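Visitor: I would like to learn how to read a structure, feature by feature. Please take me through one.

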Amino acid sequence: MILVELPHHLRTLAQVGGAVTLEVDEPVTLRRVLDALETQYPVLRGTIRDHGTQQRRAFLRFFACEQDWSHEPVDAPLPEAVATGKEPLLVIGAIAGGS
Amino acid sequence: MSRVRVLVGTKKGAFILTADGKRESWEVSGPFFAGWEIYHMKGSAVNPDRIYASQTSGWFGQIIQRSDDGGKTWTTPGGGVQKSPEGMPMGESNKFVYDTSAESGAPLTTHQWYDGTQHPWEFKRVWHLEPSLTDAEAVYAGVEDAALFQSKDGGHSWQELPGLRGHGTGPQWQPGAGGMCLHTIVLDPKDPERIYIAISAAGAFRTDDGGKTWKPINKGLRSPFIPDQDAEVGHCVHHIAMSPRRPGVLFMQKHWDVMRSDDAGDSWREVSGNLPTDFGFAIDVHAHEPETIYVAPITSDSLHYPMDGKLQVWRSRTGGHEWEAMTDGLPQKDCYVNVLRDAMAVDALDDCGVYFGTTGGQVYVSPDGGDHWKPIVRDLPAVLSVEVQTIS
């Protein structure tokens with residue numbers, strides 16, 4: 001069971017109150033977590049990754065276990081603590097984003 | 001008795017203002033989609049309870065929302081919570097991808113960047129939603145970077161009409177201050193194949209075959225910010241309005257200049273007349289008097305606020321040239337707001353109501369065609385768009 005914490009506006013959009021729980025096959029990677037997230041919450045498609053390019057949207061960041069995963073390869077295994085559900089994957093809106 | 005429903009898009013959410021036909025006592029609901037930019041909302045002429053909304057964010061991109069009960073509740077078409085991957089396409093209502101397919105698309109060329117160099121096309125947001133006049137499931141979307149999309153399934157999925165972006169002049173289009181946006185879509189009520197659109201800063205375009213082919217309709221426009229002031233494209237058209245009672249007669253608020261066309265855009269002539277400044281964004285036409293038009297003059301392209309701190313709507317009852325200031329009830333000192341291009345609308349009641357919103361968060365109504373004004377609300381977030389539904 002993977003835990004994902006979303007920013008306020010995406011929680012509202014997905015109609016979830018707290019952290020999202022997902023079933024993700026091993027090895028647990030960023031791509032697999034996002035695929036599972038978008039499958040479970042289709043409204044989030046395009047809000048984290050661009051619909052066309054599948055690239056991370058410019059003003060979003062991924063943090064896990066106090067590390068910045070925003071620029072890591074999407075197929076790299078996430079930390080064991082995330083893969084086992086002890087620590088969440090954090091989706092964070094950059095402080096410079098929005099308007 | 002008829003009533004009105006005013007759909008207000010703001011920088012931080014959507015609001016719906018309702019009143020009976022007297023337009024004196026108002027109910028305010030919202031914010032819907034709190035914290036998001038709502039560029040535009042518009043109801044279907046076929047089913048007034050069907051309302052489409054463009055919800056967008058610098059962080060999270062584009063969301064399309066739809067209401068089927070007059071704005072009480074909203075859904076993202078096809079994007080709701082769905083536990084199983086099987087079934088209908090998921091999340092497609094947010095998907096605006098330019099059509100570059102060999103079968104139906106157009107090559108994704110470059111357009112002109114601010115500095116005159118070429119720049120790739122990149123989708124950013126939906127500026128304007130225009131529901132079909134005959135089918136509640138059909139709706140057009142004007143987007144940034146400029147292109148026209150269409151949904152035929154109530155907003156579940158979107159397909160580009162690539163003939164516009166691909167017709168050949170795209171590399172000459174450039175962004176205006178708000179981006180390179182397709183912000184105006186005007187449907188001809190008598191000819192479903194005819195659509196007008198406008199792009200900043202490319203100009204106006206028309207299709208006569210339902211969006212397959214397009215041609216620039218900018219003859220008569222002059223713009224000092226492009227090397228050839230009479231060029232076929234490159235003009236910063238801010239908005240176009242047309243009376244449904246008289247299709248083919250168009251009024252345009254250009255960057256500078258208020259323009260008029262009597263031949264469906266084939267040629268334009270300036271009708272700025274005695275306006276104190278002919279810079280502005282919003283323009284609209286009286287619901288019953290096709291020669292009565294309204295603009296909200298803004299000081300200049302460098303000073304996006306009313307002249308001398310006096311908020312004024314100017315009205316012409318002669319289709320242009322001769323204008324009069326409508327100020328009763330509007331602030332006449334220390335007012336430095338803007339009125340954006342999609343933030344003016346008219347209702348269809350016998351005594352035509354005129355509405356506009358400001359970047360200061362006010363929405364004003366004149367229930368008597370512009371003679372007298374009063375604020376419906378004063379303290380909303382900056383208003384991006386105003387549309388009015390007249391409901392029997």
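Visitor: What percentage of the contacts in chain B with a separation of 6 or more come from residues 24 or more positions apart?

Guide: Two residues are in contact if their C-beta atoms, placed from the backbone, lie within 7 Å. In chain B, residues 24 or more positions apart account for 51% of the contacts with a separation of 6 or more. Some ground rules first. This is a predicted model: local features need pLDDT of at least 70, side-chain atom pairs count only at pLDDT 80 or more, and totals for chains, interfaces and linings use all residues. Residues are numbered from 1 along each chain as its sequence is written, while chains are lettered from A and ligands numbered from 1 in the order in which they are written.

Visitor: What is the mean pLDDT of chain B?

Guide: pLDDT is the predictor's confidence in each residue, from 0 to 100. The mean for chain B is 94, and 97% of its residues reach 70 or more. Residues 81-89 of chain B stay under 50, and the model has 11 contacts beyond four places in sequence for them. For the complex, the predictor gives an ipTM of 0.86 and a pTM of 0.94.

Visitor: How many helices and strands does chain B have?

Guide: Helices (H or I, at least four residues) and strands (E, at least two) are DSSP runs, numbered from the N terminus. Chain B comes to 1 helix and 29 strands.

Visitor: What radius of gyration does chain B have?

Guide: The radius is taken over C-alpha atoms, and the globule rule is 2.2 Å times the number of residues to the power 0.38. With 392 residues, a compact globule would come near 21 Å; chain B has 20 Å, which agrees. Its C-alpha trace spans about 60 × 50 × 40 Å along the principal axes.

Visitor: What share of chain B is buried?

Guide: A residue is buried if 20 or more other C-beta atoms lie within 10 Å of its own, exposed if 12 or fewer, and partly exposed in between; the C-beta atoms are placed from the backbone. Buried residues make up 54% of the 392 residues in chain B.

Visitor: Why is strand β14(B) described as largely enclosed?

Guide: 6 of the 6 residues of β14(B), residues 195-200, are buried, so the rest of the structure largely encloses the strand. Ile195(B), Ile197(B) and Ile199(B) point one way; Tyr196(B), Ala198(B) and Ser200(B) point the other way.

Visitor: Which way do β13(B) and β14(B) run?

Guide: Strands of a sheet pair through backbone hydrogen bonds, either parallel or antiparallel. Two strands pair if DSSP finds at least two bridges between them. Strand β13(B), residues 181-187, runs antiparallel to β14(B), with 6 bridges. Thr184(B) stands opposite Ala198(B). On to β15(B), residues 203-207: 5 bridges join this strand to β14(B), again antiparallel. There Gly203(B) is the bridge partner of Ile199(B). A hairpin through 2 residues joins β14(B) to β15(B).

Visitor: Where is the cis peptide bond with Ala201(B)?

Guide: Most residues other than glycine have a negative phi, and most peptide bonds are trans. The bond from Ser200(B) to Ala201(B) is cis, with omega near -5°. Ala201(B) is in the loop between β14 and β15 of chain B. Chain A has a cis bond too, joining Glu26(A) and Pro27(A), with omega about -5°. Pro27(A) sits in the loop between β2 and α2 of chain A.

Visitor: What is the strand order of the open sheet in chain A?

Guide: The order is β2-β1-β5-β3-β4, with mixed pairing. Its edge strands are β2(A) and β4(A), each pairing on one side only. Strands β3(A) and β4(A) pair in the antiparallel sense over 2 bridges. Between β3 and β4 lies a loop with Glu66(A). Glu66(A) has a positive phi of about 65° although it is not a glycine.

Visitor: Is Glu66(A) buried or exposed?

Guide: Glu66(A) counts as exposed, because 8 C-beta neighbours lie inside 10 Å. Compare Asp257(B), another residue other than glycine with a positive phi, near 90°. Asp257(B) counts as buried, with 23 such neighbours.

Visitor: Which residues of α2(A) are buried?

Guide: They are Leu30(A), Val33(A), Leu34(A), Leu37(A) and Gln40(A).
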